[in-house]
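Open the structure in your viewer and follow the stops below, selecting each part as it is named.

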Amino acid sequence: MSWLPSNDPVLGDPLSCDALELVIVPRTRDLGDGFEVRRALPHGGRQMVGPFIFFDHFGPVQFMSGKGMDVRPHPHIGLATVTYLFDGSIMHRDSEGNIQEIQPGAMNLMTAGRGIAHSERTPDVQRASGQKMLGLQSWIALPAASEEIAPSFQHYAATDLPTVIDRGFTARIIAGTAFGATSPVGMVSPWFYTEVTAGQDTTLPLDPDHEERAIYLVDGEIEIAGDRYQGPRLLIFRPGDRIAVKTVGPTRMMFLGGDALEGPRHIWWNFVSSSRERIEQAKQDWKTGRFAHVPDEHEFIPLPE
């Protein structure tokens with residue numbers, strides 16, 4: 001996915017819960033062919049939650065036979081991307097030679113570091129038959145000392161990720177530690193990401209041990225300290241408070257956050273860095289073809305002018 005600045009929505013939710021720092025209404029953008037994304041981060045009121053600096057919710061969308069998603073090769077620096085699907089499949093190809101079909105429930109972490117290019121397309125089989133798509137893509141900003149590490153890619157199938165099943169809810173630990181379980185995914189800074197699905201009238205905790213925490217409500221409705229919130233919403237909480245989340249009906253949500261980075265980041269298009277000069281260099285590198293090529297790809301997204 002790509003990012004360019006746009007206006008933030010006007011917030012309409014009350015903030016009567018003392019533990020809530022901010023409620024973000026994701027802004028909707030149509031990327032063409034009815035393919036919509038809801039963008040929660042970055043936001044005018046908050047750049048990051050832990051190292052999460054970008055959060056896109058795409059779909060649900062139904063692609064007809066012969067149609068699909070086609071995000072042409074584009075570059076990244078200074079971040080790691082997490083693509084997580086609830087429905088549908090995406091074929092990932094990158095300039096390190098990694099080719100991976102991303103399927104629902106799997107963890108796919110592409111660390112750009114000093115620079116990587118990749119494409120995201122509907123696989124041939126699903127394009128021929130048509131498919132429903134629903135998922136999330138997040139960017140994890142890297143610590144300043146790790147911004148220039150070598151690019152890499154990690155893939156873990158849904159069955160490789162720990163799952164916690166308790167009274168009324170199921171939690172898949174995508175990254176980091178939550179509900180007493182730890183994901184096998186390697187990280188360069190402490191952060192966590194968990195999918196939680198719960199039935200009606202289920203109460204569960206949001207771990208207070210993480211420095212920065214948020215809940216992204218994909219669908220459904222929850223109650224916190226007597227206030228109700230419907231999806232899609234990003235709820236950002238103050239550090240340290242114990243949070244009890246009660247579901248009003250069947251609900252799907254993401255628990256996310258981690259340690260705050262040592263400072264803010266500059267973000268332009270698909271580039272994230274602690275240095276403006278590094279972003280200017282990345283612009284020129286993409287414009288002049290100095291990023292490595294994505295195998296089997298013959299298109300690319302030009303640098304925005």
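Two strands are taken as paired if DSSP finds at least two bridges between them, and this is the sense in which the sheet at the first stop is described. Keep in mind throughout that the model is a predicted one.

Begin by selecting the strands of the open sheet, where 7 strands follow one another in the order E1-E22-E19-E24-E17-E14-E13 with antiparallel pairing. At the edges stand strand E1 (20-24) and strand E13 (163-166), and because each has a single partner strand, one side of each is left without a neighbour in the sheet. Looking from one strand to the next, you will find a twist that averages 20 degrees.

Next, select residues 191-198, which form strand E17, together with residues 251-258, which form strand E24; these two run antiparallel and are joined by 8 bridges. Within this pair, centre the view on Tyr193, which stands opposite Leu256 in E24.

Now widen the selection to residues 195-291, where UniProt, in an unreviewed entry, places the feature "domain: Pirin C-terminal". Over this stretch the chain is 12% helix and 49% strand, and its end C-alpha atoms lie 34 Å apart.

For the last stop, turn to the second largest pocket, which has a volume of about 250 Å³. It is lined by 15 residues, and those closest to its centre are Trp286, Gly289, Phe291, His293 and Phe300. Selecting helix H2 (residues 276-287) shows the element that gives the largest share of this lining, 3 residues. Coloured by class, the lining of the second largest pocket divides into 8 nonpolar, 2 polar and 5 charged residues.

Note on methods. Residues are numbered from 1 along each chain as its sequence is written. This is a predicted model: local features need pLDDT of at least 70, side-chain atom pairs count only at pLDDT 80 or more; totals for chains, interfaces and linings use all residues. Side-chain values use heavy atoms; hydrogens and water are left out. Helices (H or I, at least four residues) and strands (E, at least two) are DSSP runs, numbered from the N terminus. Axes are lines fitted to C-alpha atoms, for helices over the stretch in contact, and angles run from 0 to 180 degrees between N-to-C directions. On a 1 Å grid over the protein atoms alone, a cavity is a set of points where a 1.4 Å probe fits but cannot get out, and a pocket is an open set with protein on both sides within 12 Å along at least five of seven lines; lining residues have an atom within 4 Å of a point. Grid points are joined across faces, edges and corners, and a volume is the space filled by probe spheres set on the points. Ala, Val, Leu, Ile, Met, Phe, Trp, Tyr, Cys and Pro count as nonpolar, Asp, Glu, Lys and Arg as charged, and the others, Gly among them, as polar. UniProt positions are given in the numbering used here, feature names are shortened, and annotations may be inferred rather than shown by experiment.
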